[in-house]
Amino acid sequence: MWFKIGLLLILVTEEVRGYIEYVETSGCESCVLRLTCRHLNSIISVLEANFEVIESYINETLPTPFPPMHPRIALNQRCSGVNHCSFILTKDCPGADKWGLGNLTVNYACISEDRLTKYCNKEILLASPETFGISRGFIHNPGYPRFYLGKQKCRWTIHAPPLQRVKVTIYDISLVADPNLSKCSDIVEVSDRGQILYSTCEQHEPPLEITSLDDTLDVTLIPSPKENLLPRRGIMFYYTAVGCSTPIAPKDGYLVYRNDTVAEYSCCVGYAFPDTRIRSRIIKCLGYRWNTTVPLPDCKCNATLSINETITTSPNNTNKVGIMTVSNDIEEIVIPSIVIVALFLINAVVLFVIYRYKKRKLPEFTEEELGTLSTNQTKTLQI
């Protein structure tokens, strides 16, 4: 009994540990949308929000400045970083009461703590699909969504597997802005080995996506040096590796060449791939997957392949080969024998006919001669 309970707890723990669950909900413009995660240790990240206006109910006399605030930005203010929330479009999104009647659809993610990085100055090593480990996740600053720390930079370095790249999607940015400055005072900076790819302090819609030039990407939150705590949410973003991971070289084989689109593998001398029976193979990367099944099959010795081919083909062809051999023997031995026997029979028949014919002719001639002699003798006796 206790063993079953313990096993059930282990299975539940494994199910809960380390997940990203995607949820979709929808409702009318004045309906209460409830965004909820099943587990208390997970938080919400709003991925997408779309409002579809019902055209037949639009009041054309009213201005419809769409959007003065995008619904996803308003949702971030109420729901990002918490376990559950409620949202009414016409109440919580400024200006939405003038859009008319319609339907709001929200896509959000529930992220467990094991898929979250929430401390500064961390390095994250992404795992390839062929190995165990984290290949995607979310990052937010300490204090999110209540505040973020000032006076010091907060950096995250993400490493993808070799010959892959890193993509980040910034779903929420809420930083303190200085109204007296024309540029951002607090910024989020995305760089690739020292080269700045993008920097911003504003929320973007759709969410900003940035892909590294190499296999490493740095995301840095640069806050104001004046305050210890700043009363804004900070930043939350999603990271993942893009491109095809490098397959493991097959046994008795090695990687010859690899770039973003193709990879070439070769077997050692005397070996070949069992399915193609040649030494080399070139595979192509189609987006995120290779155009063939990975891992590649192990290379096989050419001699082994020849033996296997013989063994493989023999059961199917043995009877046919045997039949063909016997047929050849019959043609070469039996048929000539039949011909010889037939010739002997024909000769025997011919000899037998000649013999019978001669035997019948000899008695008939003798009797005629005897008959003639008998008649002459009879006449002589009468005289």
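Strands here are DSSP runs of E, at least two residues long, numbered from the N terminus. By that count, Arg277 is in the loop between strand 20 (271-272) and strand 21 (280-286). The model is predicted.

Start with the backbone at Arg277. Its phi is near 60 degrees, a positive value in a residue other than glycine. Arg277 is partly exposed, because its relative accessible area of 46% lies between the 20% and 50% cut-offs. Leu163 sits in the loop between strand 10 and strand 11. With a relative accessible area of 39%, Leu163 is partly exposed. Most residues other than glycine have a negative phi, and most peptide bonds are trans.

Peptide bonds come next. The bond joining Tyr144 and Pro145 is cis, with omega about 10 degrees. Pro145 belongs to the loop between strand 8 (136-140) and strand 9 (148-149). Another cis bond runs from Glu205 to Pro206, where omega is near 5 degrees. Pro206 lies in the loop between strand 13 (195-200) and strand 14.

The largest nonpolar core has 28 residues. Trp156, Ile158, Val168, Leu221, Ile235 and Phe237 touch the most other members. At least two residues of this core come from each of strand 10 (154-159), strand 11 (165-174), strand 12 (187-192), strand 14 (208-211), strand 15 and strand 17 (234-242). In soluble globular proteins, nonpolar side chains tend to be buried together.

Strand 15 (residues 216-222) also holds Thr220. Is Thr220 buried or exposed? Thr220 is buried, because its relative accessible area of 2% is under the 20% cut-off. What does its side chain contact? The side chain of Thr220 makes a polar contact with the side chain of Arg155, at 3.2 Å. Leaving aside residues up to four places away in sequence, Thr220 touches Lys153, Cys154, Arg155, Ile187, Val188 and Glu189.

Ile335, Val339, Leu343, Ile346, Val350 and Ile354 make a nonpolar surface patch of about 510 Å². One of these residues, Val339, is found in helix 4 (residues 302-382). Val339 counts as partly exposed, because its relative accessibility is 44%, between 20% and 50%.

Key:
Residues numbered from 1 in each chain as written. Predicted model: local features only at pLDDT ≥ 70, side-chain atom pairs only at ≥ 80, totals over all residues. Heavy atoms only, no water. Helix = DSSP H or I, 4+ residues; strand = E, 2+ residues; numbered from the N terminus. Buried < 20%, exposed > 50% of the residue type's maximum accessible area, 1.4 Å probe, protein only. Polar contact = N/O pair within 3.5 Å; in protein donor to acceptor, adjacent residues only side chain to side chain. Contact = heavy atoms within 4.5 Å. Patch = residues over 30% accessible without salt bridge, like charges linked within 9 Å, V, L, I, M, F, W, Y side chains within 5 Å. Areas by Shrake-Rupley, 256 points an atom, 1.4 Å probe, with all protein chains shown as cover. Salt bridge = Lys/Arg side-chain N within 4 Å of Asp/Glu carboxyl O. Core = buried A, V, L, I, M, F, W, Y, C linked by side-chain atoms within 4.5 Å.
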